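Welcome! Let us walk through this structure together, one step at a time.

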Amino acid sequence: MVNDVALRVLVALQGLKTRFEDEDGQTLAEYGLIMAVIAVAVVVAAGVAFREAIVGAFDNATECISGAGNTGPCA
């Protein structure tokens with residue numbers, strides 16, 4: 001009887017050990033979240049760095065659309 005109980009306890013402990021050691025999926029999800037945060041940071045940094053160029057491009061496009069009746073290509 002004692003051997004049976006000891007065996008069951010050891011099997012249960014082995015199951016807990018494997019449950020906590022199997023973190024492959026969790027690690028992959030954590031790396032995915034880190035990559036997503038880095039990607040968002042890069043997009044925000046690019047937006048800040050190229051703010052003037054982006055605003056200028058939109059201003060040029062707005063002027064080109066506004067003056068669609070004018071002759072000559074938009075620059």
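The protein's secondary structure consists of 3 helices and 0 strands; here helices (H or I, at least four residues) and strands (E, at least two) are DSSP runs, numbered from the N terminus. Starting at the N terminus, the order of elements reads α-α-α. What you see is a predicted model, in which local features need pLDDT of at least 70 and side-chain atom pairs count only at pLDDT 80 or more, while totals for chains, interfaces and linings use all residues. Residues are numbered from 1 along each chain as its sequence is written, and side-chain values use heavy atoms, with hydrogens and water left out.

How confident is the predictor? The pLDDT gives its confidence in each residue, from 0 to 100. For the protein the mean pLDDT is 81, with 73% of residues reaching 70 or more. Helix α1 (residues 2-21) has the lowest mean pLDDT among the elements, 71, whereas α2 has the highest, 90. Where pLDDT is low, the predicted coordinates should not be read in detail.

Of the 75 residues in the protein, 1% are buried; buried means under 20% relative accessible area, exposed over 50%, and partly exposed in between (1.4 Å probe, protein chains only). The protein exposes about 6,800 Å², and carbon and sulfur atoms supply 69% of that area. Accessible areas come from the Shrake-Rupley method with a 1.4 Å probe, and for residues only the protein chains shown count as cover.

Now find helix α2 (residues 24-49), where methionine 35 lies. Methionine 35 counts as exposed because its relative accessibility is 54%. Together with Tyr31, Ile34, Ile38 and Val42, Met35 forms a nonpolar surface patch with about 530 Å² of accessible area. Such patches are made of residues with over 30% relative accessible area and no salt bridge; nonpolar side chains (Val, Leu, Ile, Met, Phe, Trp, Tyr) are joined within 5 Å, like charges within 9 Å.

How many salt bridges does the whole structure hold? The search finds 1, a salt bridge being a side-chain nitrogen of Lys or Arg within 4 Å of a carboxyl oxygen of Asp or Glu. Glutamate 52 pairs with arginine 51, their closest N and O atoms 3.4 Å apart. Both glutamate 52 and arginine 51 are exposed.

Finally, glutamate 63 sits in helix α3 (residues 51-66). Its relative accessible area is 58%, so glutamate 63 is exposed. Glutamate 63 and cysteine 74 are 11 residues apart along the chain, and 8.5 Å separates their C-alpha atoms.

Notes
pLDDT is the predictor's confidence in each residue, from 0 to 100.
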